[in-house]
Every structure is written in structure tokens, then in C-alpha cells.
Amino acid sequence: MFSKTCEYAFRAAVVVALASKNGERLTLTDIAKRTGAPKAFTAKVLQALARGGIVNSQRGPNGGFDLPPLHAKKVNLRMIMDAIGEEAFHTGCVMGLKECNSIDPCPLHVQITRVKEEMHRVLENTDVLSLAEELNNGTTRLKL
């Protein structure tokens, strides 16, 4: 449903938020391991998330990444997608056509528009802290 970059970005934000909630700052290696993502790919994702103001990055011996709870509560999944440049889901045609809109629709345009509207609602109303808390209390899991 989402690109690998987007999946890894969602996972990374959640594991960083959970660690921060527990007073930890995670290294690139920690995050790659906890998300099941390749280290080089994780580095690119984290760089985009840091540039987008989603996570904090600190260099040095006590460095790493964090996402404090107060900030994690304000970060929704749509913001993560925007930070990594994931626009195709929002604007692209599911059939891959260059011209697809309400005036010149593809055969799936009307049905997919309804689905996209619901997905936008979910992405905008789901904050990273809530996902981290669900993971922490065991109601959800990241089993890789």
C-alpha cells in the first residue's frame, strides 16, 4: 500500500518515539535493527525525518535520534509522509495515468477518491505518540 521508504519512516518514528518516552536516544544501528530495515536505507529515512523536523538528531558520543513525547503527540503520519516526499499516494493515479482527475478520470478514479479521502483522515488523525503507546502497552506489535 505504501512505499518501502514510507513503511520504514513510520516504523522508525514509532520506535524512536517509544525509546524517547522511555528516556533513551537511539543510534542509527539501533533503529535499523528495531525496524528491520537496511542500515543505509534507515540512514536516508532518518536524514529526511530530521530535515522535516520529525525527529531530533544529535552527533557525537552521546548522540543519536529522539522524538520527545510532547513532539510525538503533534506529529501525525501525514507529516511523516510529507517529510520523506511521499506525494504519489496523495496525488498519483492508481492506474499510473499522467492525466487523471475529476474532469478526465481513469476507470477507478471515483472509487479510489473515496478510499484516499478516508486514508487522508486516518493519516492526519494518527499521531506517533499514540502508536508508540500502543506498542509499549502490548496492544500492537512490530514483529519482523
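Biologist: Are Phe2 and Phe10 buried or exposed?

Modeller: Both Phe2 and Phe10 are buried; the word means under 20% relative accessible area, with exposed over 50% and partly exposed in between (1.4 Å probe, protein chains only). Before we go on, this is a predicted model, where local features need pLDDT of at least 70, side-chain atom pairs count only at pLDDT 80 or more, and totals for chains, interfaces and linings use all residues. Residues are numbered from 1 along each chain as its sequence is written, and side-chain values use heavy atoms, leaving out hydrogens and water.

Biologist: How many aromatic pairs are there?

Modeller: Rings of Phe, Tyr and Trp (its six-membered ring) pair if their centres lie within 6.5 Å; planes under 30 degrees apart are stacked, over 60 edge-to-face, and the rest tilted. By this rule there are two aromatic pairs. Phe2 and Phe10 make an edge-to-face pair, 5.6 Å centre to centre with 80° between the planes. Tyr8 and Phe41 are also edge-to-face, at 5.0 Å and 85°. That pair links distant parts of the chain, with Tyr8 in helix α1 and Phe41 in helix α3, 33 residues apart. Helices here are DSSP runs (H or I, at least four residues), numbered from the N terminus.

Biologist: Which residues have the most contacts inside the largest nonpolar core?

Modeller: In soluble globular proteins, nonpolar side chains tend to be buried together. A nonpolar core is a set of buried Ala, Val, Leu, Ile, Met, Phe, Trp, Tyr and Cys residues joined through side-chain atoms within 4.5 Å. The largest one here has 36 residues, and Phe10, Val16, Ile31, Leu49, Leu67, Ile80 and Val128 have the most contacts inside it. Helix α1 (4-21) gives the most to this core, with twelve residues.

Biologist: Which residues of α7 are buried?

Modeller: An α-helix has 3.6 residues a turn, so residues three or four places apart point the same way. In α7, the buried residues are His109, Lys116, Met119, His120 and Leu123. They cover an arc of only 110° around the axis (taken from the directions from the helix axis to the C-beta atoms), which puts them on the same side of α7. The face turned away from that buried side carries the exposed residues Arg114, Val115, Glu117 and Asn125.

Biologist: Where is Asn76 found?

Modeller: Asn76 is in the loop between α4 (69-72) and α5 (77-83). With a relative accessible area of 15%, Asn76 is buried. Its side chain reaches the backbone nitrogen of Met79 at 2.8 Å.

How values were computed. Helix = DSSP H or I, 4+ residues; strand = E, 2+ residues; numbered from the N terminus. Polar contact = N/O pair within 3.5 Å; in protein donor to acceptor, adjacent residues only side chain to side chain.
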